[in-house]
Amino acid sequence: MNRTPEADFRQALLNPELSAPAGLWAWNGSDPTTRFDVYRNNVIVSLIEALESTFSVVQRLVGEQFFRAMAREYLREHMPNHPVLARFGDSFPGFIAEFEPASSLPYLADTARLEWARVQAYHAMDAGPLSAETLQVALSEPERLPQLRISLHPSAHLLRSQYAAVSLWAAHQDLIPLSQVDPWQPEQALILRPQLEVEVIPLDRATAAFTACLIDGLTLGAAVDETLNTHSDFDLNAALALLLQRQALHVLSY
Amino acid sequence: MAKTTTTAAALALALGTAISVASLPASADEMKMEKCYGVALKGQNDCKAGPGTTCAGTAKKDYQGNAFKAVPAGTCTQMESPTSPTGHGQLEAFEETM
């Protein structure tokens, strides 16, 4: 196989047991192997710290030592494939879910998904809320309402967890006491950045199911029917009021 | 379960009620939008080798071999967990996975 110098360099970066790629030399004649080790270490440390920054609650849940060990394992297979470092770590929650040593903390992956969603929401496109005029126009044609499609704000991410990922996150922002969190309680939340701040908005199960239908592109009529079929306690008024109030809704179309 | 069909009138009522409850701002223009990104979230910049270091290579060594033993030892142990035998989040020793 024909290997490029770049491929050799990349391979050696990933594996500390490999020697430095051939053909390196230092300006002052010092050993390039040592210098390459320094470079390799900096690459790995910086990427681990980027993960720590994005997944800071996960880090606190497992402790620094465990987190760094887990991040190192992740890096072996998942070097960044995009030049924007804020997009590095998209597969980390999935990796955590499959990471055997963390299996005693099954809520860890969803906590990571929430943290990832917050970073993505932070970097999402700016967008204003639905205007009252737009809504009045829609209301003036009530017969078309079942066919109405409501898209969510570009920053919106929905989290539906079997665990108390939202409370776990909140406890680590000092919003609620950690000792009162029952991690086995299913929770849902909408992650949203309507203005400058990323918000984590807890949702009940029915509202989360309804929101998922809207995200899937269902019409309003179909979304309500679908939600009512699985959640008889669904309160459409309250769900719409919450989504409007938090500026989660973005565009109406038919 | 019987399939439900929501009527247009019911949707109109719900949406109308929701609008009055939510008491929307008149338009997006009323929102003061002034966004000043630093450059990125902390830790997302390009050269990040840790406090007191530069990219010249003084970061603490963190990529040595693949043998590690660590257990989750963070705040998980501080949570009440009625379903856990210990009453708290659990720690389990684990073996190297690779």
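At roughly what angle do the axes of helix 9 and helix 11 of chain A cross? I shall begin with that pair and then turn to the chain as a whole. Please bear in mind that the model is predicted.

Two packed helices are described by the angle between their axes and the distance between the axes. Here, helix 9 of chain A covers residues 205-215 and helix 11 of chain A covers residues 236-245; their axes cross at roughly 65° and come within 10 Å. The crossing of helix 9 of chain A past helix 11 of chain A is right-handed. From helix 9 of chain A, the contact involves A:Thr207, A:Phe210, A:Thr211 and A:Leu214, and from helix 11 of chain A, A:Leu236, A:Ala239, A:Leu240 and A:Leu243. Of these contact residues, six are nonpolar, two are polar and none is charged.

Let us now consider the whole chain. Chain A contains 11 helices and five strands. Its radius of gyration is 23 Å, whereas the globule rule gives 18 Å for 254 residues, so chain A is more spread out than a compact globule. The C-alpha trace of chain A spans about 80 × 40 × 35 Å along its principal axes.

The domain assignment divides chain A into domain 1, residues 1-105, and domain 2, residues 126-254. The centres of these two domains of chain A are 37 Å apart.

Finally, an unreviewed UniProt entry annotates residues 7-96 of chain A as "domain: Putative DNA-binding". That span is 63% helix and 0% strand, and its end C-alpha atoms lie 28 Å apart.

Conventions
Residues are numbered from 1 along each chain as its sequence is written. Chains are lettered from A and ligands numbered from 1 in the order in which they are written. This is a predicted model: local features need pLDDT of at least 70, side-chain atom pairs count only at pLDDT 80 or more; totals for chains, interfaces and linings use all residues. Side-chain values use heavy atoms; hydrogens and water are left out. UniProt positions are given in the numbering used here, feature names are shortened, and annotations may be inferred rather than shown by experiment. Helices (H or I, at least four residues) and strands (E, at least two) are DSSP runs, numbered from the N terminus. Domain bounds come from an automatic or database domain assignment. Axes are lines fitted to C-alpha atoms, for helices over the stretch in contact, and angles run from 0 to 180 degrees between N-to-C directions. A crossing is left-handed if the near helix is turned anticlockwise from the far one by less than a right angle, and right-handed if clockwise. Contact means heavy atoms within 4.5 Å. Ala, Val, Leu, Ile, Met, Phe, Trp, Tyr, Cys and Pro count as nonpolar, Asp, Glu, Lys and Arg as charged, and the others, Gly among them, as polar. The radius of gyration is taken over C-alpha atoms; the globule rule is 2.2 Å times the number of residues to the power 0.38.
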